[in-house]
Amino acid sequence: MIHCNKCGYIGSYYGPTCPSCKETFNLTAAEIEEKIQEINAAEKSRQYELVAEGHHILADLGRTESQKKYAEMLEKGDAVLRDLDAAMNYYYMAAEKNDAWSAFRYSRLAERT
């Protein structure tokens, strides 16, 4: 679940903007740390859909490690529908921040398509 600080919307995550007020979600450092802890707890309890949702949120907010992990999940179809185009997009975002592994994975997927 994600909370919009502007309009108060609380609900499932569907994208980088609030479905109610259309404002971009902006999480504070404390909220990001809380989301990371939620992801770690979900991994321990094997709730992989929550792991994917958490990485999706943080990836859209620009966190490189989450962009890479979410791209891997999309590439393999782990807890999300397999979507190579979306995986390439998230790998590209991470590669733009000089993440070598993401640049490599992006190039490999680009060769296949």
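This is a predicted model: local features need pLDDT of at least 70, side-chain atom pairs count only at pLDDT 80 or more; totals for chains, interfaces and linings use all residues.
Helix α2 is followed by Gly62, a residue whose phi is positive and lies near 100 degrees.

**Helix α2 and its surroundings**

- Helix α2 has 13 residues and reaches 18 Å from its first C-alpha to its last, which is close to the 18 Å expected at 1.5 Å a residue.
- The buried residues of α2 are Val51, Ala52, Gly54, His55, His56, Ile57, Leu58 and Ala59, and they pack against β1 (2-3), α1, α3 (64-76) and α4 (84-95).

**The pair α1 and α2**

- Helix α1, covering residues 29-44, packs with helix α2, covering residues 48-60, at an angle of about 155 degrees, and the two axes are 8 Å apart.
- Because angles over 145 degrees count as roughly antiparallel, α1 is roughly antiparallel to α2.
- The crossing in which α1 passes α2 is left-handed.
- On the α1 side the contact is made by Ile32, Lys35, Ile36, Ile39, Ala42 and Glu43, while α2 contributes Tyr48, Leu50, Val51, Gly54, His55, Ile57 and Leu58.
- Sorted by class, the residues of the contact of α1 with α2 divide into 9 nonpolar, 2 polar and 2 charged.
- Val51, Gly54, His55, Ile57 and Leu58 of α2 take part in this contact, and these residues are also listed among the buried residues of α2.

**The pair α3 and α4**

- The axes of α3 and α4 come within 8 Å of each other and cross at roughly 160 degrees.
- That angle makes α3 roughly antiparallel to α4, and α3 passes α4 in a left-handed crossing.
- From α3 the contact draws on Thr64, Gln67, Lys68, Tyr70, Ala71, Glu72, Leu74 and Glu75, and from α4 on Leu84, Ala86, Ala87, Tyr90, Tyr91, Met93 and Ala94.
- By class, the contact of α3 with α4 comprises 10 nonpolar, 2 polar and 3 charged residues.

**The pair α4 and α5**

- The axes of α4 and α5 come within 8 Å and cross at roughly 145 degrees, in a crossing that is left-handed.
- The contact is formed by Leu84, Ala87, Met88, Tyr91, Tyr92, Ala94 and Ala95 of α4 together with Ser102, Ala103, Arg105, Tyr106, Leu109, Ala110 and Arg112 of α5.
- In the contact of α4 with α5 there are 11 nonpolar, 1 polar and 2 charged residues.
- Leu84, Ala87, Tyr91 and Ala94 of α4 belong to the contact with α5, and they also belong to the contact with α3.

**Arg105, a buried charged residue**

- Arg105 lies in helix α5, which covers residues 100-112, and it counts as buried because its relative accessibility is 15%, where buried means under 20%.
- Leaving aside its neighbours within four places in sequence, Arg105 is in contact with Glu75 and Tyr91.
- Of these partners, Glu75 belongs to α3 and Tyr91 to α4, and both take part in the contact between those helices.

**Loops between the helices**

- Arg46, in the loop between α1 and α2, has a positive phi of about 60 degrees although it is not a glycine, and at 65% relative accessibility it counts as exposed.
- Asn98, found in the loop between α4 and α5, likewise is not a glycine and yet has a positive phi, of about 65 degrees, and at 72% relative accessibility Asn98 counts as exposed.
- Leu81 lies in the loop between α3 and α4, and this residue counts as exposed, with a relative accessibility of 75%.

**Separations in sequence and in space**

- Leu81 and Tyr13 are 68 residues apart in sequence, and from C-alpha to C-alpha they are 16 Å apart in space.
- Glu33 is found in helix α1 and is partly exposed, with a relative accessible area of 40%.
- Glu33 and Ala94 are separated by 61 residues in sequence and by 19 Å in space, C-alpha to C-alpha.
- Ala94 belongs to α4, where it takes part in the contact with α5.

Note on methods:
Residues are numbered from 1 along each chain as its sequence is written. Side-chain values use heavy atoms; hydrogens and water are left out. Axes are lines fitted to C-alpha atoms, for helices over the stretch in contact, and angles run from 0 to 180 degrees between N-to-C directions. Helices (H or I, at least four residues) and strands (E, at least two) are DSSP runs, numbered from the N terminus. Angles under 35 degrees count as roughly parallel, over 145 as roughly antiparallel, 65 to 115 as roughly perpendicular and the rest as oblique. A crossing is left-handed if the near helix is turned anticlockwise from the far one by less than a right angle, and right-handed if clockwise. Contact means heavy atoms within 4.5 Å. Ala, Val, Leu, Ile, Met, Phe, Trp, Tyr, Cys and Pro count as nonpolar, Asp, Glu, Lys and Arg as charged, and the others, Gly among them, as polar. The expected span of a helix is 1.5 Å times one less than its number of residues. Buried means under 20% relative accessible area, exposed over 50%, partly exposed in between (1.4 Å probe, protein chains only).
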